[in-house]
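Hi,

Here is the structure I said I'd pass on. Have a look at it first, and my notes on what turned up follow below.

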Amino acid sequence: MNAPTQKLTRKDFTSDQDIRWCPGCGDYAILATLQRTLPALGVSRENTVFISGIGCSSRFPYYMDTYGFHTIHGRAPAVATGLKLANPELDIWMITGDGDGLSIGGNHMLHVLRRNVDLQIMLFNNRIYGLTKGQYSPTSLVGLRTPSTPMGSIDAPVVPASFALGAGGRFIARTIDTDAKHLGPVFTRAHEYRGASFIEILQNCPVFNDGAWSHVKDKEIADESQLRLEHGQPMRFGENKGLRLNAKTIELEVVTIGEDGVTEEDILVHDESNKSMALLLANLEPPRFPIALGILYCDTDAHPYDQAVHAQVEHAKATSKVDSIDALLRSGHTWTVE
Amino acid sequence: MTSASKGSKLHRGRNAAQTRDTYAYEDMNMDGGASPNKLEREELDSVVIRFAGDSGDGMQLTGAQFTHSSAMVGNDLSTFPDFPAEIRAPAGSTYGVSGFQIHVASHDIMTPGDAPDVLIAMNPAALKTNVGDLVDGGLLIVNEGAFTKGNLKKAGYEQNPLDDETLAAYRLVKLDISKHTLAAVAAFDLGTKEALRSKNMWTLGLVLWLFGRDTKNTEEWLGQKFAKKEVVRDSNIAALKAGHAYGETAEMPTGVHIYKVPKATLSPGTYRNVTGNEALAWGLVAASKLSELQLVLGSYPITPASTVLHALSRLKNFGVVTFQAEDEIAAVCAAIGASFGGSLGVTTTSGPGIALKAEAIGLAIMTELPLVVIDIQRGGPSTGLPTKTEQSDLFQAIYGRNGDAPLPVISASTPGECFFQAIEAARLATKYMTPVMLLTDGYLANGAEPWKIPSMADLTPFPVEFAGSETPDFHPYIRDDETLSRLWPRPGTPGLEHRIGGIEKDRASGNISYDPENHHLMTKMRAQKIANIADDIPELGIEEGEDTGDLLVIGWGSTHGAIRQAVRRARKEGVQVSHAHLRHLNPMPKNTGELLRRFKRVIVPEMNNGMLVKILRGEYLVDAKGINKISGQPFKVAEIVSAIHDHLPAS
């Protein structure tokens, strides 16, 4: 369906437009990694479409030499759904941010996930409104001082991956803008998945919220603050740490192998198909816990919405007795005037 | 306003005073051996009947079945269902009254009639809210069985109007329909509440008899509808037959005739009954065929538009994709996404939905994507009168967006015209790469009329051509020199990869542009593209009367029938008056201003507080006067006749 005739390179996916993000913006790294990843996915330019809403991240389509539609604030999931219904052969990437996707477009995000429309949804989470010059966003932490919260934000933040799981999302991943080695494979897995694949990308805004993720990203502490999930592998991090389930409280707890009789056997093994575990993992936050990165959840039994819609259309075509519009207009009671 | 409309059709030669007391008719005991009724038939050229009852009484069904039987005997007809917003308002309350008015005639009619000649009132609340409309001397059939103390109190009657002089102006037939229904279905061993559900069918049986019709069609319909519920089917048929038999055997008082409305002479062809929303759904499917595009509907439930979503959801065999979105905004955005993908994107809604979709419609204007937006208007603002009709979205349709954002606006004048205007909307949208707004209203949506069924072979196809891979120097804003329409490149086409969006684009490259001169030129270009459509639509014609003279009545949308009848009536009285009706509201036909100026005076009846009248005054500098009705009810013919007289130039 989406096979290129010749081998494409990063350059083939790069448009001729000057990039207008601020110097040092995390978006550059995400763009570069995706442009490098796409050729390996075996996709064609003409069948690839980028749909975005409004915000810094939503300029993304202009920099991709594919089809692209920069729509209106929050509505990318709805536009992408309509496009996928019109042509299920298209390979659609949706670009959004924490404000676009979880504030003004929160309702659409809920529904695109529960319907399981076959899209790759990239949510750039920088915990701030960048394009409108630095107001707090729905993922900003309590206490954040911004032009609209001079005394500090008092809104409790939403956890995107947790929201997506709650909405019924079937593929939930989390990754980091500047970590190309993690980001690329997550893009590949998301692209493979038939259904709505939700990727939260922890992204830095150097102008309005610099260092919002340094407590998980900084090299010195990364080992201790990041849990890199691998399906079938124990949930280990840091030097000797791991996660264990406390069966009494049904909560995760951090344990150290070799201390208090803890052995490798006690450490939980990641199972992407376990939704209960995914919900626990999605909500882990430093400093008590590491942040969970990778594929938190992947339900391979779910069917994409667009396929089900077209299956009904095909079924109706195959079984209907009314085979023309003339017949439709004359169905039911008619009478003839001579 | 209503007094002018009162006149007796069923009752020529008599006046109300003479009828006093003469026609009050007590229910008779069926077991008393009534003699078969051998009344003479009175032939009428038209009659208006209204069924009124609790919203749970099944009046809409009764009306629809009577409509069907009228069509079968070849009458012309027009209907007006009028129901409350509450699905099941408290029983017996005046605000829970549901009505269905039907006008049947032996000649072509265009409105459901000003005032009923026959009123069937199933309870005191229905009587209270409807009897004021009944013509003097009109036939009033009431279900005496529902005139209990409790129901009388709920309707606000201090004493029973059936027992005093309140109804003396009408020919009152008091029947205990409840009791008769219970007797008719006694064999089915139903509970009282369930048994009484059939009283609408008993009533329908009686009214069918009154108009000299048999019960065959309705029996067939009941047989189909309740094929799997035998008891429901059989008890309803029993009630229907009992009502009909009652009419045949009971002794009716002097003055109660069997009425016969002869066949109308309609032009040859195959006909069916159609409501505006049905016609609209079918028109969209026809447009999909004529344009060779897949139809993708994005819609969110809203009264009175939901039935279009329902109808299209049942037409998937024509390749129709329907998407019930999470909200109005998602509905239009999905339609825009579908259009971007090369389908015919359509969204259907009512006024509040248009308000929510405004930003997205602006996006479709900016990105120059085809989109059909259908506004089935209702009373506003805000939630307004959701189940009532109004034409108050005209300004919203033409002007209601941020920025300079013109789009074509068209309207339908009759239920059947909804079919053709849906096609016209799709034609303009795809030819000019623009959203198009089609305005209908609640009155057209639910009202039915006999419709001469068109053949697809008689409709002009408008197959869409997408931009091809070989397009030289392609960019997304390459335009056709004549229409100014941009090419439609479809994702999936190699070599045409491009980006569009809501930000202003450079006219020569399609890339983002904040250049001041470019924005000025692009705004002018978008406006010119829409203005040019005036060259692609029919000139405004005169529907009735001369093309010059003393007075022009000009309207748009569903007021067509009432204006046309009013102008005919006034002309019969010798008044020089003409009727013109706009179907393209933006841009208007090229000759509109010139036509308006050929008349000494212009009046504009509208079901709003004056919108088209302001546009005509503003655009064409004519001293047009508004005739405005904002009651949630359509115009009565007499109201417009009266306005015509008021606005004639002094001779």
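Between chain A and chain B there are 3 salt bridges (a side-chain nitrogen of Lys or Arg within 4 Å of a carboxyl oxygen of Asp or Glu). One of them joins B:Arg499 to A:Asp65, with the closest N and O atoms 3.1 Å apart.

Before going on: this is a predicted model, where local features need pLDDT of at least 70, side-chain atom pairs count only at pLDDT 80 or more, and totals for chains, interfaces and linings use all residues. Residues are numbered from 1 along each chain as its sequence is written, chains are lettered from A and ligands numbered from 1 in the order in which they are written, and side-chain values use heavy atoms, with hydrogens and water left out.

Now the contact itself (heavy atoms within 4.5 Å): chain A puts in 58 residues and chain B 69. Together they bury about 5,300 Å², 64% of it on carbon and sulfur atoms; that is accessible area (1.4 Å probe) lost on putting the two parts together, summed over both. On the chain A side, A:Tyr67, A:Leu329 and A:Trp335 lose the most area to chain B, together 17% of what that side buries.

A:Trp335 turns up again in the strand pairing, where it stands opposite B:Tyr271 in E9(B). Strand E12 of chain A (335-337) pairs with strand E9 of chain B (residues 269-275) in the antiparallel sense, over 3 bridges. Strands here are DSSP runs of E, at least two residues, numbered from the N terminus, and two of them pair if DSSP finds at least two bridges between them.

Cheers

Terms used. Helices (H or I, at least four residues) and strands (E, at least two) are DSSP runs, numbered from the N terminus.
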